[in-house]
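Let's take a friendly walk through a protein model, one part at a time. Keep the picture beside you as you read.

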Amino acid sequence: MKQPHNIYIHVPFCMSKCNYCAFWSIACANPDWKTYLAGILAELDYWGRTLGRVSVPTVFFGGGTPSLMPVDCFFQIMNKIRTCFDLSADAEITLESNPGTLDENKMREFQAAGVNRLSIGVQSLDDEKLKFLGRRHDAATAIAAIKTAQKLNLNVSADFIYGLPGDNVATVIETCAAINKLGLTHCSMYELTIEENTPFGRANLNMPTNEEMADMYTAIRQNLSLPRYEVSNYATPGHECRHNQNIWDGDAYIGIGRGAAGRVYIDGTWYEQRGAGELFEPLSSTDRAIECVITGLRTIRGVCLTDPVKAVINMDIVQSMPDKIRIVNDRLVATDMGMLVLDDLIEQVTR
Ligand code: SF4
C-alpha cells in the first residue's frame with residue numbers, strides 16, 4: 001500500500017505584520033486570490049500525478065492568515081484534493097484564523113465546505129499585550145471567535161504567546177487560569193522568540209532570562225487544565241492535532257504554496273520537498289532518521305526505536321541521562337527535564 005500523505009497548504013497573506021513575526025507572510029489587504037488559487041491547484045495536480053492517488057488523512061491550511069481566503073477559493077482547493085487524492089472520509093481539515101477575520105457566517109461557510117478544526121491566533125487575553133505584539137484584534141474579539149466556533153461544534157484550538165517583557169511565573173499562572181475558563185480542548189503555548197529583521201528584533205527588548213522562561217514553561221504545565229502532548233501543545237486526550245502529530249511521528253506530508261515544505265515518500269525513498277514548484281531532493285536514511293528523532297522527541301510519546309532510528313542514537317549517552325531521556329516500551333522519550341533542554345539533548349543523543 002502507498003504511504004498516506006498529509007497536506008499542508010500555505011496561505012501567505014496577512015492584513016498587517018505582527019511585531020514578532022518572522023514567518024513567510026505578506027501584508028496585503030487585497031490579495032490576488034485568482035493567481036494564488038491557480039498556483040495551488042497546479043501544484044496539487046503535479047503532486048497527484050507524481051505520487052498517484054495516495055490517501056490523505058489530514059489537510060492543514062496554515063499562514064499567513066488562511067481565514068482571509070474567500071470560501072470559494074477554499075472550496076476549489078478541497079475539490080482538487082478530492083480529485084487528485086483519496087481524501088479520508090474522517091480527514092481532519094484545519095484552518096488557521098485570526099480573530100476579526102471570520103464572523104459567524106463565514107465560519108459556517110468554511111464549515112459547510114469541509115473545515116472541521118479551527119485554530120485561532122489569540123496570542124494574549126490582555127489588550128495591552130496584544131497591542132504590544134502588533135495584533136489587530138482585542139481579547140474580547142478573540143474570546144467571541146472561540147465561543148462562536150465552539151457553538152458550531154468545530155474542534156477549536158487557540159494559540160498563545162508567553163515570555164513577553166514583564167511576564168513572570170505569576171502572570172503566566174493568571175493567564176493559565178483565564179485560558180482554563182475558555183473550555184478549550186486544545187491550545188498551543190509558544191515562548192516569544194526574538195527574530196532578526198522584525199520590529200522586535202530591532203527593539204532591544206528587556207526579555208526574561210532563560211531561567212525565568214524555563215520557570216514559566218514549568219508553571220504552564222502545572223497550571224493549565226489541558227495535559228501537554230508536545231513541547232508547546234496541550235490537549236484533552238483525543239483532541240491532539242492529528243496533522244501535526246502525524247508529522248512529528250514521521251509520516252509523509254506535501255507542502256503546497258510558496259512558504260511550504262514537505263517530506264514525500266516515493267518508491268522507498270524519502271524526499272525533502274519545497275512548495276511552489278516541483279523541487280524535491282532525496283534524503284539519506286540517516287538524515288531522515290535524525291529528523292524523526294528531532295520531531296518525535298518533541299512529543300510526550302517520543303520516537304519509536306526503529307532500526308534506522310537506533311542507528312543514529314548513541315545508547316550509552318541515553319543511558320547516562322535517565323533524568324532527561326528514557327526508553328519506554330521501545331520508544332525513546334524525553335522527560336520533563338529533558339523537554340526544557342530539548343535542542344541540546346537531541347544533539348547529545350544523536351551520533
Ligand atoms: S498574523 Fe500570523 S503570520 Fe500574519 S504577521 Fe501576524 S504572526 Fe505573522
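I327 has L332 in β17 as its bridge partner. This is a predicted model, in which local features need pLDDT of at least 70 and side-chain atom pairs count only at pLDDT 80 or more, while totals for chains, interfaces and linings use all residues. Residues are numbered from 1 along each chain as its sequence is written.

Strands β16 and β17 run antiparallel and are joined by four bridges. (Two strands pair if DSSP finds at least two bridges between them; strands are DSSP runs of E with at least two residues, and helices are runs of H or I with at least four, numbered from the N terminus.) The open sheet here has three strands, in the order β15-β17-β16, with antiparallel pairing. β15 and β16 are the edge strands, each pairing on one side only.

Here are the strands and their residues:

| Strand | Residues |
|---|---|
| β15 | 303-304 |
| β16 | 325-328 |
| β17 | 331-334 |

Now for two helices. Helix α6 (residues 169-180) packs against helix α7 (residues 210-223) at an angle of about 30°, and their axes lie 9 Å apart. (Axes are lines fitted to C-alpha atoms, for helices over the stretch in contact, and angles run from 0 to 180 degrees between N-to-C directions.) α6 is therefore roughly parallel to α7, a label for angles under 35 degrees.

Terms used:
Parallel < 35°, antiparallel > 145°, perpendicular 65-115°, else oblique.
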